[in-house]
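Hello,

Here is the model I promised to pass on to you. Have a look at it first, and then read my notes below.

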Amino acid sequence: MALTRYLLIGSALLWCGGASAAEIGEPAPTFELPALQGEGRVALESFRGRVVLLDFWASWCAPCRKSLPLYEQMNRELSDEGLTVVAVNLDEEPAEGIRFLELHPVSYPVAKDPAATVAMAYGLKAMPMSYLIDRDGRVIDLHLGFRPSDIEPLRRSVEDALAQDGSENETAD
């Protein structure tokens with residue numbers, strides 16, 4: 001089933017021309033999705049004013065198994081400074097993502113996108129894939145795939161974004 005899901009996402013990406021809809025410097029596509037666990041909803045707009053690391057993942061994705069615990073650690077360490085990690089699970093059967101989170105719990109919001117509509121809106125090119133979004137809602141970095149050695153450069157990007165006050169995008173009078 002995981003291979004079928006991956007092929008479906010890949011086919012959708014090819015159909016979209018493989019072009020990313022979430023380009024660096026552009027506003028991040030907004031979304032509101034059901035929470036993976038519980039009854040709530042996860043809306044990107046509700047995190048405006050915070051730096052967001054938006055991570056697309058699935059339980060069948062081997063690199064995702066490595067990234068989620070490291071993102072959890074970064075979220076815990078930098079949350080008070082203004083970081084929020086937001087995850088979007090792409091498992092076709094949400095129960096698979098829930099089972100994974102029972103083994104590897106996270107404190108950040110996790111949405112479910114079993115039809116991959118938000119993934120397609122972002123132009124996902126790899127699994128996992130993450131987008132760094134500044135306090136003003138603009139994509140400032142993106143990261144394809146994941147290896148544990150990726151966490152330090154990503155953390156530096158997050159810390160750089162946290163150091164910005166959001167006024168860079170405002171025009172001077």
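A word on classes first: Ala, Val, Leu, Ile, Met, Phe, Trp, Tyr, Cys and Pro count as nonpolar, Asp, Glu, Lys and Arg as charged, and the others, Gly among them, as polar. This is a predicted model, where local features need pLDDT of at least 70, side-chain atom pairs count only at pLDDT 80 or more, and totals for chains, interfaces and linings use all residues. Residues are numbered from 1 along each chain as its sequence is written, and side-chain values use heavy atoms, without hydrogens and water.

On a 1 Å grid over the protein atoms alone, a cavity is a set of points where a 1.4 Å probe fits but cannot get out, and lining residues have an atom within 4 Å of a point. The count is 1 cavity of 30 Å³ or more. The lining of the largest cavity has 5 nonpolar, 2 polar and 4 charged residues, including Glu-45, Arg-48, Phe-47 and Gly-137.

Now the rings. Rings of Phe, Tyr and Trp (its six-membered ring) pair if their centres lie within 6.5 Å; planes under 30 degrees apart are stacked, over 60 edge-to-face and the rest tilted. There are 6 aromatic pairs. Phe-56 and Tyr-122 are tilted because their ring planes stand at 55 degrees, with centres 5.5 Å apart. Both Phe-56 and Tyr-122 are buried (under 20% relative accessible area, 1.4 Å probe, protein chains only). Tyr-71 and Phe-146 form an edge-to-face pair, 5.6 Å centre to centre with 75 degrees between the planes, and both Tyr-71 and Phe-146 are buried. Ring pairs also join Phe-31, Phe-56, Tyr-122 and Tyr-131 into a cluster.

Best wishes

Terms used: Buried means under 20% relative accessible area, exposed over 50%, partly exposed in between (1.4 Å probe, protein chains only). On a 1 Å grid over the protein atoms alone, a cavity is a set of points where a 1.4 Å probe fits but cannot get out, and a pocket is an open set with protein on both sides within 12 Å along at least five of seven lines; lining residues have an atom within 4 Å of a point. Grid points are joined across faces, edges and corners, and a volume is the space filled by probe spheres set on the points.
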